[in-house]
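Dear colleague,

Here is the structure I promised to hand over, with my notes below it.

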Amino acid sequence: MYEPIRTKSVHRMADDDQHSFPHRSREEELDIQLAGHLAALLAVTDELGDTEAGELIARQVARLRGAPPARHAGLSGSSAEALHRRAHALAGRALVVAASRADTAAAILAAERMDAHTAALSGDSLVGTP
């Protein structure tokens, strides 16, 4: 009654698609997230003019990405207070990701940067500490 199918189907099973593109592990995804947060923190740190802290952050980004980061070239025109608030938030995000991937060096750096930006916002003299 029906003629048999003689050509290959154009439809695929969902399981067939799993091996057609590369997958990243959780650790690789966390490395990418952490490098992104630290790179954003580096841009704000460069805009604030803190070269010593910028170098420490750049080393961590280079370690995670395997290449030195692009340094911030332009200025946003934001006030120093707004930049410190943004940097504090970025350092906090980096700290959360560093803690979840058990990266002690990045977690310590992020915590120190949070302390430095908190001190800068409150007017303490801790700003220059890396």
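Helices here are DSSP runs of H or I with at least four residues, strands are runs of E with at least two, and both are numbered from the N terminus. What you have is a predicted model, in which local features need pLDDT of at least 70 and side-chain atom pairs count only at pLDDT 80 or more, while totals for chains, interfaces and linings use all residues. Residues are numbered from 1 along each chain as its sequence is written, and side-chain values use heavy atoms, with hydrogens and water left out.

The chain has four helices and zero strands, so that, by the DSSP runs defined above, the elements read α-α-α-α from the N terminus on. Of its 130 residues, 29% count as buried, where buried means under 20% relative accessible area, exposed means over 50% and partly exposed lies in between, with a 1.4 Å probe and protein chains only. Among contacts (heavy atoms within 4.5 Å) between residues at least 6 apart in sequence, 63% join residues at least 24 apart.

H1 (residues 26–48) and H3 (residues 80–100) have axes that come within 9 Å and cross at roughly 160 degrees; the axes are lines fitted to C-alpha atoms, for helices over the stretch in contact, and the angles run from 0 to 180 degrees between N-to-C directions. The two helices are therefore roughly antiparallel to each other, a term used for angles over 145 degrees, with those under 35 counted as roughly parallel, 65 to 115 as roughly perpendicular and the rest as oblique. The residues of H1 that meet H3 include Leu30, Leu34, His37, Leu41 and Val44, and among their counterparts in H3 are Leu83, His84, Ala87, Leu90 and Val97. By class, this contact of H1 with H3 has 15 nonpolar, four polar and four charged residues, where Ala, Val, Leu, Ile, Met, Phe, Trp, Tyr, Cys and Pro count as nonpolar, Asp, Glu, Lys and Arg as charged, and the others, Gly among them, as polar.

The buried residues of H1, among them Leu30, Leu34, Leu38, Leu42 and Thr45, pack against helix H2 (51–65), H3 and helix H4 (104–122). After H1 comes Gly49, whose phi is positive, near 85 degrees. In H3, the buried residues include Leu83, His84, Leu90 and Val97, and what covers the buried residues of H3 includes H1 and H4.

Gly92 is found in H3 and counts as buried, at 17% relative accessibility; its C-alpha atom is separated by 6.6 Å from that of Met114, 22 residues apart along the chain. Ala102 lies in the loop between H3 and H4 and is exposed, with a relative accessible area of 64%. Most residues other than glycine have a negative phi, whereas Ala102 has a positive value near 60 degrees. Finally, Gln60 is buried, with a relative accessible area of 14%, and, leaving aside its neighbours within four places in sequence, Gln60 is in contact with Leu38, Ala105, Ala106 and Leu109.
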